[in-house]
Amino acid sequence: MPIEIAAHAGFCMGVRRAVEAAMDVARTGTPSCTLGELIHNPQVVEMLREQGVPPVSSSGEAQGRQVLIRSHGVSRAVIDELADQGCGVVDLTCPFVDKLHRIVRDEAGEDCPVVLVGEKEHPEVKGTAGWASGTVYVVATPEEAEQLPDMPRALAVAQTTYPPERWKAVTEVLRRKVGELKERCTICNATEIRQREAKELAARSDAMIVVGGRNSANTQKLYAACKALCPRTILVECAAEIPPAFANNYSEFIGITAGASTPDGSLKEVVTRMTDIENKDFMAEVEATLVKIRAGQTVTGTVVQVTEDEVCVNIGYKADGLIKRSELTQEDVKLGDEIEVEVVKVNDGEGNVLLSQRNIVNRKAWEALMAKYDAGEYVDGVGKEAVKGGLIADVDGVRAFVPASQLSQRYVEKIADFVGKDMKLKII
Ligand code: SF4
């Protein structure tokens, strides 16, 4: 299951800066709170709450505590209000948003209204409007821009996370309606880069995971963009939310991305989870393809190494098998030969499979002898050694005992006379 993580996934610069600064504040132990949730991520908000930096919804709730301003920024009036209430302020407004505030403050006025292109209810838009000294119009679409009065001059700025194509469409309308239009595109490309990379990844993925808070508009947009290109896209806030059957095919290509307010920890957790699944699936797949062996089983393998003492054979098992020279019946064995071997031991204690060729030959010979015994047929043997009470003979490699009384119909005086002689024998 190949996995690819989008190059730009997780915290953008502004969010990372805010979260790191908030953690520093938490470590100082100064009574503090954040004005609104610091970022759109429940895990981070909860972690800060546990460390004594909870969110409050208004300056009145701060009750003299140090107040952290999130990356969206706030209006000048809110800053003044906090100062009036004796609250210290740690301004974590993203530098891009701060620049937007300064442009609105310095480049517009009573005779130059601001046309702010963005979503009316977005906190960044509300905060930005509060930095203007004159009229502010907020428009989200070209249609809304058409509704604006004709103006001799105006300043056009954008919500930092606004889609560039919408900014372009709105300013085209404004150029017709405003005599002297100052266009200041204040869009930050962090969102656009994430969107572009996520789409490109989703288009070539079998399944896609978007990690981020469900209450984050940014993450939701990322999810919608990926879903349009890859129907098997899921949105999760943490690894535990990944459905067990989501990745059930290890050959599938999985793309992973994360919204700009997703902490590194959540992204890493998801990547680790998927890597674990990948390893488990891969191992299960490998196990399934492996030959299962047991002692006494005959298997066919390929010779992969030949040394003076032993021969190594690949039998498709997780460990190769070893045959000692003494257990080899085929003397001229060479690399690449396919040979039939018997498993003597699955594990010799050092992880090796012990094999024998001789056992097979012996077993085959024995089986042939048994067949001849059952059929009452003669077998061929050679006298080997005179022993007490009879003769040891070799019958197709099997050691056989011929009692002296069975060697001849007459009395045998010297059993040794039969050593080296070919004989027709019957197994009794
Ligand atoms: S998306 Fe851009 S403007 Fe918004 S916080 Fe991140 S870096 Fe700042």
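Analyst: Let's start with a term: two residues are in contact when heavy atoms of theirs lie within 4.5 Å. The model above is predicted, and we can read it feature by feature.

User: Which residues is arginine 294 in contact with, leaving aside its neighbours within four places in sequence?

Analyst: With those neighbours set aside, arginine 294 is in contact with Val343 and Val346. You will find arginine 294 in the loop that runs between helix 11 (264-289) and strand 13 (298-306).

User: Is arginine 294 buried or exposed?

Analyst: The cut-off for exposed is over 50% relative accessible area. Arginine 294 has a relative accessibility of 53%, so it counts as exposed.

User: Now glutamate 252. Is it buried or exposed, and why?

Analyst: Buried means under 20% relative accessible area. Glutamate 252 has 14%, and therefore it is buried. Its place is the loop between strand 11 (233-236) and strand 12 (254-258).

User: What does the side chain of glutamate 252 join up with?

Analyst: The side chain of arginine 232, through a polar contact of 2.8 Å.

User: How do I read the length of helix 12?

Analyst: Compare its end-to-end reach with the expected value. Helix 12 covers residues 358-375, 18 residues in total, and spans 26 Å from first C-alpha to last, close to the 26 Å expected at 1.5 Å a residue.

User: Which residues of helix 12 are buried, and what do they pack against?

Analyst: Ile360, Ala365 and Leu369 are buried in this helix. The buried residues of helix 12 pack against several strands, among them strand 13, strand 16 (338-345) and strand 18 (378-387).

User: What about rings: how many aromatic pairs does the structure hold?

Analyst: The count is 0 aromatic pairs. Lysine 421 lies over the face of phenylalanine 418, 5.9 Å from the ring centre. Likewise, the charged end of lysine 426 sits over the ring of tyrosine 378, at 5.4 Å from its centre.

User: Last one: how is the chain divided into domains?

Analyst: There are domain 1 (13-95), domain 2 (96-187), domain 3 (194-289), domain 4 (298-361) and domain 5 (378-426). Taken over C-alpha atoms, the centres of domain 2 and domain 3 are 36 Å apart.

Definitions and conventions: Residues are numbered from 1 along each chain as its sequence is written. This is a predicted model: local features need pLDDT of at least 70, side-chain atom pairs count only at pLDDT 80 or more; totals for chains, interfaces and linings use all residues. Side-chain values use heavy atoms; hydrogens and water are left out. Domain bounds come from an automatic or database domain assignment. Helices (H or I, at least four residues) and strands (E, at least two) are DSSP runs, numbered from the N terminus. Buried means under 20% relative accessible area, exposed over 50%, partly exposed in between (1.4 Å probe, protein chains only). A polar contact is a pair of N or O atoms within 3.5 Å; within protein, one must be able to donate a hydrogen and the other to accept it, and residues adjacent in sequence count only if both atoms are side-chain atoms. The expected span of a helix is 1.5 Å times one less than its number of residues. Rings of Phe, Tyr and Trp (its six-membered ring) pair if their centres lie within 6.5 Å; planes under 30 degrees apart count as stacked, over 60 as edge-to-face and the rest as tilted. A charge sits over a ring if NZ of Lys or CZ of Arg is within 6 Å of the ring centre and within 35 degrees of the ring normal.
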